[in-house]
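Please look over the sequence and the structure below. A short report follows them.

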Amino acid sequence: MQDVLQAMSHNRILAGLPAQEREYLEPSLELVGLQLGDVLHEQGGRIDCVYFPVEAAISMTDLVDRKRIVEVTVIGKEGCSGSSVVLGSDRSASMAIVQIGGKALRLNAAPVVNDQARLPYLTATLRRYNSLLMEHAVISVGCSQFHTPSQRVARWLKAHWHRTGLETFPFTADFLAVQVGVEADTVAEILDKLQKDGVITRRRHSMTITDQEALGRLACACFEQVKVATDGYVAALRNIHESS
């Protein structure tokens with residue numbers, strides 16, 4: 001149980017739980033290990049559990065078909081998957097797939113849906129998080145339509161750093177191409193240039209950001225928009241906690 005308590009402190013939503021809500025939820029929270037590529041929610045599938053990343057990152061994607069997947073947003077330790085259950089929807093609007101493996105806290109969706117009167121802080125934060133996800137989705141749509149592949153790749157890497165605090169990711173060019181919605185050959189060329197310019201370092205199954213400032217200059221303005229929206233959400237969490 002001590003592991004669960006410690007893990008809760010590393011997720012922004014769970015870290016702010018008032019004592020009464022924390023004590024109520026703690027027995028139902030399970031610390032689990034997520035693996036790269038695990039599908040947590042199918043698009044249109046039932047949401048049975050809510051996942052709060054501690055070390056992992058979860059990608060919310062629009063599944064065009066089995067060969068074409070476009071990322072809408074990434075969930076890190078600032079949030080959770082399945083947050084729409086507080087809005088009365090038990091179906092996932094997008095596919096939730098693990099992009100960075102690691103620990104997460106899993107919570108059965110039933111108490112989140114049925115016990116909202118006992119969980120005012122959690123309910124309020126999940127509603128606010130849904131608003132953030134909507135902002136991210138709108139930004140993502142515009143980005144995919146109007147910005148170049150190189151800008152989108154740079155934004156994607158910066159977004160994962162901002163959301164997880166990591167600088168090394170277990171991504172290959174093929175995996176990145178699927179997530180960004182760009183041809184694999186194009187992504188490989190972009191990554192080769194980033195490495196040549198000293199912005200990233202690539203290995204066979206991973207890549208590391210080595211020049212954050214340069215990567216930020218290459219990313220489109222969408223990264224800053226997402227960062228501002230996310231930082232505003234984090235500030236809102238503090239206000240919700242103080243008023244609980």
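The sections below go from the whole chain to single residues.

## Overall build

This is a predicted model. The protein holds ten helices and ten strands. Its radius of gyration is 18 Å, close to the 18 Å that the globule rule gives for 244 residues, so the protein is as compact as a globular protein of that length. Along the principal axes, the C-alpha atoms fill a box of roughly 55 × 35 × 30 Å.

Buried residues account for 49% of the 244 residues. Consider the contacts with a sequence separation of 6 or more: 76% of them join residues 24 or more positions apart.

## Surface and charge

The accessible surface comes to about 11600 Å². Carbon and sulfur atoms own 50% of that surface.

The protein carries 25 positive and 28 negative charges.

## Aromatic cluster

Searching the whole structure gives four aromatic pairs. One of them joins Phe169 and Phe171: the ring centres are 5.3 Å apart and the planes meet at 10 degrees, so the pair is stacked. The cut-off for stacking is under 30 degrees between planes. Phe169 and Phe171 are both buried.

Ring pairs also tie residues into a cluster, made of Trp156, Phe169, Phe171 and Phe175. Trp156 sits in helix H6, which spans residues 149–164. Trp156 has a relative accessible area of 3%, so it is buried. Phe175 is among the buried residues of helix H7.

## Helix H7

How many of the eight residues of helix H7 are buried? Six are, so the helix, residues 173–180, is largely enclosed by the rest of the structure. The buried residues are Ala173, Phe175, Leu176, Ala177, Gln179 and Val180. Just after H7 comes Gly181, with a positive phi of about 80 degrees.

Ala173 belongs to H7. Its relative accessibility is 11%, so Ala173 counts as buried, the cut-off being under 20%. Which residues does Ala173 contact, leaving aside neighbours within four places in sequence? They are Val187, Ala188, Leu191 and Arg202. Asp62 is 111 residues from Ala173 in sequence, and their C-alpha atoms are 19 Å apart.

Is His160 buried or exposed? His160 has a relative accessible area of 0%, so it is buried. His160 is found in helix H6, the helix that holds Trp156. An α-helix has 3.6 residues a turn, so residues three or four places apart point the same way. His160 and His241 are 81 residues apart in sequence, with 26 Å between their C-alpha atoms.

Gly33 lies in strand E1, residues 29–34. Its relative accessibility is 54%, so Gly33 counts as exposed; the cut-off for that class is over 50%. Val50 is 17 residues from Gly33 in sequence. In space, the C-alpha atoms of Gly33 and Val50 are 14 Å apart.

Key
Residues numbered from 1 in each chain as written. Predicted model: local features only at pLDDT ≥ 70, side-chain atom pairs only at ≥ 80, totals over all residues. Heavy atoms only, no water. Helix = DSSP H or I, 4+ residues; strand = E, 2+ residues; numbered from the N terminus. Buried < 20%, exposed > 50% of the residue type's maximum accessible area, 1.4 Å probe, protein only. Rg over C-alpha atoms; globule rule 2.2 N^0.38 Å. Contact = heavy atoms within 4.5 Å. Areas by Shrake-Rupley, 256 points an atom, 1.4 Å probe, with all protein chains shown as cover. Lys, Arg positive; Asp, Glu negative; His and termini not counted. Charge placed at Lys NZ, Arg CZ, Asp CG, Glu CD. Phe/Tyr/Trp six-rings, centres within 6.5 Å; stacked < 30°, edge-to-face > 60°.
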